[in-house]
Amino acid sequence: MAVVSIINQKGGVAKTTTALNVAASWAEQGKKVLLIDLDPQSSATKAIFSDREFEKTIFDVVIGQADIQDVIVHSEEFNIDVIPAEIMLSGIDMQLAAHFGREQILRKKLEPIHRKYDAILIDCSPSLGLMTINALLASKDIIIPICPEYFSMKGIELILATLRNIRSGLGYKIGVRGVVITRFRDRRVVNEVIQQVKERYDLKVYRNFIPDNIAVEEAHHHHLPVLKHAPRSRAAKAYKQLSKELWG
Amino acid sequence: MTKNNPLFVDSTKLPGDLVPCHVELLKVCLRDGESVSIHLVNHEGRLIQKPLQAQEMEEGCYEARLHLNHQTQVYYQFVIEDENNNILFKSQVYCERAQYALTEQWEPSEEDQKLPVIDSNSPVSTKPTSPSGWQRERPPSYRELMEKWGF
């Protein structure tokens, strides 16, 4: 397991929820995990640390104002290391527009700490911008969470087009590890979506689906992973099984 | 030629810099004795012909490596020949910016036999194009470089 980005250019598909709970599950299985929040909305950061303020974040690392080792924060509840985000990331495209090597900054910054972790997960913003490109170039492959609905195909199309553009324009080949079905309710709809994903895009779809479960939202409110907040919930069991499937 | 999103332009390269380009042709089925090659006309009007080799990991995929001038306009076509170098099929002519990869899918049909073969006399632009419209006819000056990188 290397650097993996959790990404979908459509919002609301449980990217952050998946990143948090998969990271926590891996940590529970004894893995050393780093989660990088690259979303200016800082959803992952807030879900873990609530309203805690950080003097230095991934923003400072990217603009060269901090070393990456100095911004890593440990979460006892999730048992993972985290690099927090902040709203300043929203202006990073303008700040780095003329920067030489602007698309490879994160990849280079991760080099000193790469081998300290069994897995590095990147929670990406849904919008396509310079930080998303940085995340992709830093990643060996990606995981695409989707909700089983019509627009989920659009999300996959967009991200695959992005990967093609990165390949031709920047020379990096990034694989798709697989697709995770999240927020599922109806088995029939899910089966149709899976069939479409496999036929249209020839992508792997992980067998463990994440159900639409209130326990997940409650866990966010308590700043805990769902497997700690509600270990017997369907979502907790699903994330536990999914994390094993993702690791394998 | 498609629009150019600056997010997908290598900021470490200037227009005109030489970059390795991986050419990939998918879904092609060749018979015994047949070969496929790329015929490419670069921004200087020079014709480059290179055979594609079968990719071991993926059936029906053929690849080659060229060195092209970054962000310049190129025209290219794929040609299938028999063992006597007779042209059997020609793809449509594609127009793209030279970058790190050119990937196309082509399933040859009888209609393709009527298409012309691209050569250095084909009507192509003799001036390179770049996202900013800056055309490289001479090495850039320090002022141009400073303006480009925002100093």
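Two strands are said to pair if DSSP finds at least two bridges between them, and the helices (H or I, at least four residues) and strands (E, at least two) named here are DSSP runs, numbered from the N terminus. Residues are numbered from 1 along each chain as its sequence is written, while chains are lettered from A and ligands numbered from 1 in the order in which they are written. This is a predicted model, in which local features need pLDDT of at least 70 and side-chain atom pairs count only at pLDDT 80 or more, whereas totals for chains, interfaces and linings use all residues.

We can begin with chain B, which contains 1 helix and 9 strands. Followed along the sequence, its elements come in the pattern β-β-β-β-β-β-β-β-β-α. Four strands of chain B make an open sheet in the order β4-β5-β1-β9, and the pairing within this sheet is mixed. Strands β4 and β9 (101–105) of chain B are the edges, each having a single partner strand, so one side of each is left without a neighbour in the sheet. As a general point, strands of a sheet pair through backbone hydrogen bonds, either parallel or antiparallel.

Moving through this sheet pair by pair, strand β1 (residues 18–26) of chain B is joined to strand β5 (residues 62–69) of chain B in the antiparallel sense over 8 bridges, and here B:E24 stands opposite B:E63 in β5(B). Strand β4 (residues 53–54) of chain B also pairs with β5(B) in the antiparallel sense, over 2 bridges, with B:A54 opposite B:Y62. The pairing of β1(B) with β9(B), by contrast, is parallel and has 5 bridges; in β9(B), B:A101 is the bridge partner of B:H22.

Two figures describe chain B as a whole. A residue is called buried if 20 or more other C-beta atoms lie within 10 Å of its own, exposed if 12 or fewer, and partly exposed in between, with C-beta atoms placed from the backbone; by this rule, 29% of the 151 residues of chain B count as buried. Two residues are in contact if their C-beta atoms, placed from the backbone, lie within 7 Å, and among contacts in chain B between residues at least 6 apart in sequence, 71% join residues at least 24 apart.

Chain A has an open sheet as well, formed by 7 strands in the order β3-β4-β2-β5-β1-β6-β7, again with mixed pairing. Its edge strands are β3 (73–75) and β7 (175–181) of chain A, each of which pairs on one side only. On average, and with direction ignored, neighbouring strands of this sheet are turned by 25° against each other, where axes are lines fitted to C-alpha atoms, for helices over the stretch in contact, and angles run from 0 to 180 degrees between N-to-C directions. Helix α6(A) packs on the sheet, touching β1, β5 and β6 of chain A, and its direction makes about 145° with that of β1(A).

Within this sheet, strand β1 (residues 3–6) of chain A runs parallel to strand β5 (residues 119–123) of chain A, to which 4 bridges join it, and A:V3 has A:I120 as its bridge partner in β5(A). Strand β1(A) is also joined by 3 bridges to strand β6 (residues 141–146) of chain A, again running parallel, with A:S5 opposite A:I142. In a regular strand the side chains alternate between the two faces of the sheet.

Helix α1 (residues 15–28) of chain A is mostly covered, with 13 of its 14 residues buried. Just after α1(A), A:G30 takes a positive phi of about 95°. Leaving aside neighbours within four places in sequence, A:L35 is in contact with several residues, including A:A19, A:A23 and A:L121.

Finally, the two chains meet where 16 residues of chain A are in contact with 14 residues of chain B. On the side of chain A that touches chain B, α6 (130–138) and α7 (150–170) of chain A each supply at least two residues, and the largest share, 6 residues, comes from α7(A).
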